Amino acid sequence: YFPEERRAVFQVAGSSIPLLSFLAPVLDSMSSAELDLDPTGVPLMRVTATDTQSLDNLVLELDSGRNRITGFSFDDEYGNHYDFQLTRQRWNPRLNPKLFRFLPPAGTAVER
């Protein structure tokens, strides 16, 4: 929902989420990954994708158990470098189903 533009985008459940698109190379069975440690001992997973359209130099920072992503970095097709840290994560919290109901205000254009 983009209130300033009076516009909403309808997305079917289970379809790709742009915010998590960095995970696409990780899920590709043709990609490879190398586990390494940074100088401070933080586990890093360096992902090499076979798809040339994917993000370059994708590195996932993992927790000490190596099963949760705590940060990630990558380079885009223009050579820009991005570095994200994921903080205050809550895993599998109970969510009220009402959180997933949305009725756009009158006059909002809904794109499907």
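Let's start at M30, which sits in the loop between α1 (24-27) and β2 (32-37); helices here are DSSP runs of H or I with at least four residues, strands are runs of E with at least two, and both are numbered from the N terminus. M30 is exposed, at 58% relative accessible area, where exposed means over 50%, buried under 20%, and partly exposed in between (1.4 Å probe, protein chains only). Its C-alpha atom is 7.1 Å from that of A49, a residue 19 positions away along the chain.

Before going on, keep in mind that this is a predicted model: local features need pLDDT of at least 70, side-chain atom pairs count only at pLDDT 80 or more, and totals for chains, interfaces and linings use all residues. Residues are numbered from 1 along each chain as its sequence is written, and side-chain values use heavy atoms, with hydrogens and water left out.

Now step back to the whole chain. Of its 112 residues, 18% count as buried. Among contacts (heavy atoms within 4.5 Å) with a separation of 6 or more, 26% are between residues 24 or more positions apart.

What makes up the largest nonpolar core? Seven residues do: V47, L58, L60, L62, I69, F72 and F74. Such a core is a set of buried Ala, Val, Leu, Ile, Met, Phe, Trp, Tyr and Cys residues joined through side-chain atoms within 4.5 Å. The elements giving two or more residues to this one are β4 (56-62) and β5 (69-75).

Next, the charged pairs. The whole structure has three salt bridges, each a side-chain nitrogen of Lys or Arg within 4 Å of a carboxyl oxygen of Asp or Glu. R7, partly exposed at 22%, takes part in a pair with E5, with the closest N and O atoms 2.8 Å apart. R7 also meets E111, at 2.9 Å from N to O. Because R7 lies in strand β1 (residues 7-9) and E111 in strand β7 (residues 109-111), this pair ties together parts that are 104 residues apart in sequence.

The remaining bridge to visit joins D36 and R46, whose closest N and O atoms are 3.6 Å apart. This pair links distant parts of the chain, with D36 in strand β2 and R46 in strand β3 (residues 43-48), 10 residues apart. D36 is partly exposed at 32%, and R46 is partly exposed at 35%. Back at R7, shared partners join E5, R7 and E111 into one network of salt bridges.
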